[in-house]
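Hi everyone, thanks for coming. I'd like to walk you through one structure today, so please have a look at it with me.

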Amino acid sequence: STQSTWGILLIMEAKQHPTGKIERCLASDGKVYFSYAQIAQSISRAVPEVKDFKPDVMVAIGGGGFIPARMLRTEVKVPILAVSLELYDDAENVRGTSVKVRQWFDEHSGVGQLVRNKRVLVVDEVDDTRTTLAYCVNQLFERNKPAAIAVLVVHNKIKQKLGEFPPGVIEIVGENVPDLWNCYPWDAAAYGHDIVAHERLAMLCAGGKDEPASGSTGWSSFLGVGVVSFLAGVGLALLMRLKK
């Protein structure tokens with residue numbers, strides 16, 4: 001059945017920053033799924049704090065920070081640089097013991113020149129143990145000497161952290177969440193789902209409904225309008241048939 005396949009096993013609460021709480025559920029595999037729309041909404045909530053920081057450039061940590069950084073750039077018009085750091089072994093899907101640098105930018109060419117003595121916003125999808133984020137921030141200070149660094153994460157897991165940020169580093173959080181396994185849409189295939197199945201799981205984890213953004217009526221209103229429009233069309237068709 002649909003319920004056994006997409007079953008909801010446990011209801012939990014996640015503190016939403018800064019507007020209250022969001023009720024979320026675990027999917028039947030014990031994980032929490034997030035949709036593209038939910039991630040975009042979390043990022044939009046963080047935009048005022050990002051604008052207060054006034055970044056000159058973003059540094060997206062690959063691969064989880066790439067799409068959130070691009071979403072943010074729609075509202076905060078600064079260029080994006082990419083770094084690739086590895087703490088997890090993708091082949092074994094297990095956490096490693098140390099962070100490895102796979103890719104770093106050249107600060108002497110193009111956008112890389114916007115880092116030294118500038119204001120840098122580091123972007124990633126989640127602050128889990130903070131190991132990778134703290135490593136990235138420390139490497140930026142050591143290699144590229146920015147004037148200031150802030151960190152933006154879509155989700156901050158409420159747990160004890162293994163890494164620490166240097167003094168003065170600001171963390172901006174889209175949403176605080178419990179310490180559970182988060183599944184993001186760009187990793188759908190890694191969990192054996194296509195994007196449609198992933199988005200459906202995300203909807204179920206959100207309690208079967210979308211989270212309306214500011215100025216949005218959400219899925220329930222959208223579907224309501226659709227049903228009303230359909231019934232109005234049927235009524236008009238019947239009326240015209242009766243006139244004949």
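Let's start with a term: a residue counts as buried when its relative accessible area is under 20%, as exposed when that area is over 50%, and as partly exposed in between, using a 1.4 Å probe and protein chains only. Cysteine 205 is buried by that rule, because its relative accessibility is 1%.

Before going further, a word on where this comes from. This is a predicted model, so local features need a pLDDT of at least 70 and side-chain atom pairs count only at pLDDT 80 or more, while totals for chains, interfaces and linings use all residues. Residues are numbered from 1 along each chain as its sequence is written, and side-chain values use heavy atoms, with hydrogens and water left out.

Now the charged pairs. Side chains of opposite charge can pair when their charged atoms come close. We call it a salt bridge when a side-chain nitrogen of Lys or Arg is within 4 Å of a carboxyl oxygen of Asp or Glu.

In one, glutamate 175 pairs with arginine 24, and their closest N and O atoms are 3.0 Å apart. Glutamate 175 sits in strand β9 (residues 170–177) and arginine 24 in strand β2 (residues 20–27), so this pair links distant parts of the chain, 151 residues apart. Strands, by the way, are DSSP runs of E with at least two residues, helices are runs of H or I with at least four, and both are numbered from the N terminus. Both glutamate 175 and arginine 24 are buried.

Next, arginine 102 bridges to glutamate 86, with the closest N and O atoms 3.0 Å apart. Since arginine 102 is in strand β6 (residues 94–103) and glutamate 86 in strand β5 (residues 80–89), they tie together parts 16 residues apart in sequence. Glutamate 86 is partly exposed, at 23% relative accessible area.

Then there's aspartate 127 with lysine 161, at 3.4 Å from N to O. Salt bridges with shared partners join Asp127, Arg130, Lys161 and Glu171 into one network. Aspartate 127 and lysine 161 are both buried.

On to the nonpolar parts. A nonpolar core is a set of buried Ala, Val, Leu, Ile, Met, Phe, Trp, Tyr and Cys residues joined through side-chain atoms within 4.5 Å. The largest one has 25 residues, and Val50, Met58, Leu72, Leu121 and Leu152 have the most contacts inside it. Which element gives the most to this core? That's α2, with six residues. Take leucine 72: leaving aside neighbours within four places in sequence, its contacts (heavy atoms within 4.5 Å) include Ile43, Val47 and Val50. Apart from this core lies another one of 24 residues, among them Leu87 and Ile149.

One last stop in helix α2 (residues 36–53), which holds glutamine 38. Glutamine 38 counts as buried, at 2% relative accessibility. Its side chain reaches the backbone nitrogen of serine 35 at 2.9 Å.

How values were computed. Polar contact = N/O pair within 3.5 Å; in protein donor to acceptor, adjacent residues only side chain to side chain.
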